[in-house]
Amino acid sequence: MPSINYLAILPVAILLGTSVLLLILTALVRGGLATKVSTSISVLAGLATLVVSFVQWSYVAGHGATTTIDHAVALDGFSVVATGTLAVALVMATLVAHDWLAHGSVVGTQFHVLALAASAGALVMVQANDLIVVFLGLEILSIGLYVLAALDRHRSASSEAALKYFLLGSFASAIFIYGAALTYGATGTTNISAISYFLAGNVLLHPGLLWAGGALLLVGFAFKVAAVPFHLWSPDVYEGAPTPVTGYMASIVKIGAFAAFLRVIVSGLGTQMDTWRPILWVLVALTTVLGASMALIQRNAKRMLAYSSINHAGYIILGVWAATTRGNAATLFYLMAYAPVVVATFAVVTLVGAPADEAHSIDRYRGLGRRQPLLGAALAVLLLSQLGVPLTTGFYAKFAVLAAAVDAGGGAIALISLIAAAIAAFFYLRWVLALYAEEPVELDRVAVPRASALVIVLGVALTLVFGVWPGPLASLANHATLLFTP
Amino acid sequence: MNVPAAWYLVLAAVLFGVGAYGLLTRRSALIMFMCLELMLNAVNLTFVTFSRTMSDIAGQVTVFFVMVVAAAEVTVGLGIVVAIFRRRSTTSVDELSEMKG
């Protein structure tokens with residue numbers, strides 16, 4: 001039996017354990033578990049994960065980065081910080097879902113059970129040091145998400161989104177695992193560190209097999225993070241899935257997939273950098289520019305945010321492209337800055353679209369800032385943070401990624417991304433201006449329940465506080481990659 | 001009779017290609033599921049072949065994981081198809097085009 005470092009797998013165990021516990025409680029309690037109780041249990045599990053990530057941090061700082069379970073799971077600064085970020089996003093998304101569940105269109109504990117299990121999958125991806133473990137994490141995450149997307153059975157768009165997500169997601173997973181199989185054939189191992197050692201110590205006479213494997217792995221990841229041209233599923237799924245699920249998806253999937261992406265590409269296949277860098281270059285250029293331009297022509301808030309998240313994926317890939325310590329830190333910082341903001345943005349969209357979850361036209365937001373100044377201002381701050389305005393975390397995130405790219409010799413690609421950011425500014429600003437438009441349309445007040453209000457306040461506070469004072473987050477990201485084991 | 005390993009790899013690649021082609025061109029959700037299974041089993045064949053040529057057991061162990069994942073995936077997929085069929089009495093992907101843009 002391989003030795004097991006239980007501290008390393010504790011976050012996964014907490015989330016999966018709580019998920020199973022909730023299932024059992026639902027079956028045992030007569031008349032079903034109250035939403036309040038199930039939400040409290042999920043939030044507690046998320047907070048416990050956050051606390052464990054702090055314990056892990058001090059462990060890694062004292063003992064250095066380590067691997068466990070036959071080197072298949074890594075415990076390093078990178079995984080710890082990503083785990084903490086994921087825990088925060090999970091808690092926020094759970095609170096948003098609480099108010100949505102209280103409307104009663106979806107009853108029961110399914111959301112919490114699935115959300116916890118899928119987050120456990122994302123955590124597995126974050127810590128995975130073996131292609132097979134990455135695949136398992138990816139599947140635990142994705143299968144949970146397919147069901148989450150189908151959760152709202154009153155809207156036919158929900159199940160349509162689920163089927164589309166399922167078909168393209170499984171296609172991507174099959175491509176990914178075929179890539180893992182070919183990489184295994186080329187290097188004789190699926191362990192990411194072992195692949196890296198093998199490639200550093202050997203010259204492949206026939207690198208075709210490895211290149212094919214690497215390319216398939218890359219395509220699999222590009223599908224999952226919705227990079228252009230593999231993004232076609234994303235707007236439909238974002239629009240069709242219940243809005244709280246969309247917010248959950250936008251944050252948790254990005255964290256899990258990008259952490260694994262970085263580990264596989266930069267750490268595992270780092271020696272092949274000259275081969276994969278041009279491919280990523282094209283991906284970044286297409287993703288940032290097309291993501292921003294397509295967002296311009298959308299009239300639906302959720303589709304717009306889908307393209308906005310595609311645009312963001314482009315910047316995060318830019319951090320991966322840099323493939324330097326600075327690039328890794330920038331990628332991590334971007335994820336830390338982006339996750340809370342996107343969950344809070346979708347919290348506002350959920351409230352505006354409530355209760356039927358149908359009214360997501362951009363016209364619904366006209367004059368919102370005049371009717372409800374606080375909610376309008378909060379949404380404005382969140383959108384400006386996504387745009388990357390100074391004094392928000394979004395600014396430093398974009399700056400860090402671009403600086404890392406320029407540092408790594410990517411002046412041209414940094415310039416293209418910057419132009420894309422200018423295009424993206426149009427639709428964020430158009431939305432913000434609509435918030436404060438004159439001639440407010442006759443619309444009902446948007447009800448703001450307590451849990452959602454808490455999430456929105458938290459998102460705004462995080463982006464503003466760390467936007468004015470980014471030092472702590474930046475040093476966290478930098479230290480995390482110092483401890484990063486190749 | 002000794003069949004060279006390369007033949008197995010080529011067979012797996014062809015199966016994977018057939019599956020991918022079918023998934024992208026067929027319009028019935030159920031046939032798309034079958035194509036997905038074909039792709040995953042092509043991956044299994046690849047793993048077993050490499051495992052055999054390298055005398056390394058890890059590849060064969062992986063096959064079990066892939067099989068479990070394939071089963072779980074199809075379970076969820078069929079559940080979604082049933083949910084859609086109840087609503088619309090169709091499993092054709094073409095008729096699911098409520099969202100566009």
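In the predicted model, helices α4 and α10 of chain A are roughly parallel to each other, a term used for angles under 35 degrees. Helix α4(A) spans residues 110-127 and α10(A) residues 243-268; they pack at an angle of about 25 degrees, with their axes 7 Å apart. Helices are DSSP runs (H or I, at least four residues), numbered from the N terminus. The crossing of α4(A) and α10(A) is left-handed, that is, the near helix is turned anticlockwise from the far one by less than a right angle. Residues of α4(A) in the contact include Ala122(A), Met125(A) and Val126(A), and those of α10(A) include Ile252(A), Ile255(A) and Gly256(A). Two residues are in contact if their C-beta atoms, placed from the backbone, lie within 7 Å.

Between the chains, 32 residues of chain B are in contact with 32 residues of chain A. On the chain B side, α3(B) gives the most, with 15 residues.

Residues are numbered from 1 along each chain as its sequence is written, and chains are lettered from A in the order in which they are written. As this is a predicted model, local features need pLDDT of at least 70 and side-chain atom pairs count only at pLDDT 80 or more, whereas totals for chains, interfaces and linings use all residues.

Methods:
Helices (H or I, at least four residues) and strands (E, at least two) are DSSP runs, numbered from the N terminus. Axes are lines fitted to C-alpha atoms, for helices over the stretch in contact, and angles run from 0 to 180 degrees between N-to-C directions. Angles under 35 degrees count as roughly parallel, over 145 as roughly antiparallel, 65 to 115 as roughly perpendicular and the rest as oblique.
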